[in-house]
Amino acid sequence: MHIRGDHAELVVGGRLDVRNAADARTVLHSALDAGRGDLVLDLTELDSWDATGLGVIMGAHRRAGRTGRRLVLRGVPDRMQRLLVATRLHRILAIEGIEGIESAQTGGIDAPSPQALPRA
């Protein structure tokens, strides 16, 4: 795994798993503590994550809220987007470019998002 960037945007690559979760957590928490506004986590170079890696992301999301910031995921690979939808974490996390994936996977069974409803 590698993480590069600053307190505003980090690029995560490789595997985010139990072997490197502690290092990833340290980097994410330091970035959150050092900056202001959104922290963008670019995952376009991420090959995979396990439950521990996903836990690191969720922990960073919670820490961001406590520090008055927001964690924004960008470039989430398709298979990881599907996992976020299946676990409904996409409703908690701020994720760029995930709109419409839930209805495509469920055949449109879910109710539309409030943004999709016409205004009266």
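This report describes the fold, strand pairing and salt bridges of a predicted protein model.

## Basis of the model

Because the model is predicted, local features need pLDDT of at least 70 and side-chain atom pairs count only at pLDDT 80 or more, while totals for chains, interfaces and linings use all residues. Residues are numbered from 1 along each chain as its sequence is written, and side-chain values use heavy atoms, with hydrogens and water left out.

## Overall fold

The protein chain holds four helices and five strands, taken as DSSP runs numbered from the N terminus (helices H or I, at least four residues; strands E, at least two). From the N terminus on, these elements follow the order β-β-α-β-α-β-α-β-α.

Of the 120 residues in the protein chain, 41% count as buried, where buried means under 20% relative accessible area, exposed over 50% and partly exposed in between (1.4 Å probe, protein chains only). The accessible surface of the protein chain comes to about 6,900 Å², 52% of which belongs to carbon and sulfur atoms; the areas come from the Shrake-Rupley method with a 1.4 Å probe, and for residues only the protein chains shown count as cover.

## Strand pairing around β2

Strand β2 (residues 9-16) is mostly covered, with six of its eight residues buried. Strand β1 (residues 2-5) runs antiparallel to β2 and is joined to it by four bridges, pairing being assigned if DSSP finds at least two bridges between two strands. These two strands form a hairpin with three residues between them, and G5 stands opposite L10 in β2.

With strand β3 (residues 38-49), β2 pairs in the parallel sense over seven bridges, and here L16 stands opposite W49 in β3.

## Salt bridges

The structure holds seven salt bridges, each defined as a side-chain nitrogen of Lys or Arg within 4 Å of a carboxyl oxygen of Asp or Glu. In one of them R4 meets E45, with the closest N and O atoms 2.8 Å apart; since R4 lies in strand β1 and E45 in strand β3, the pair ties together parts that are 41 residues apart in sequence. R4 is partly exposed at 43% relative accessibility, and E45 is partly exposed at 31%.

R74 forms a salt bridge with E9, the closest N and O atoms being 3.4 Å apart. R74 lies in strand β4 (residues 70-74) and E9 in strand β2, so this pair ties together parts that are 65 residues apart in sequence. The side chains of D17 and R19 also meet in a salt bridge (2.6 Å, N to O), in which D17 is buried at 4% relative accessible area, whereas R19 counts as exposed at 65%. Salt bridges that share partners join E9, R74 and E96 into one network.
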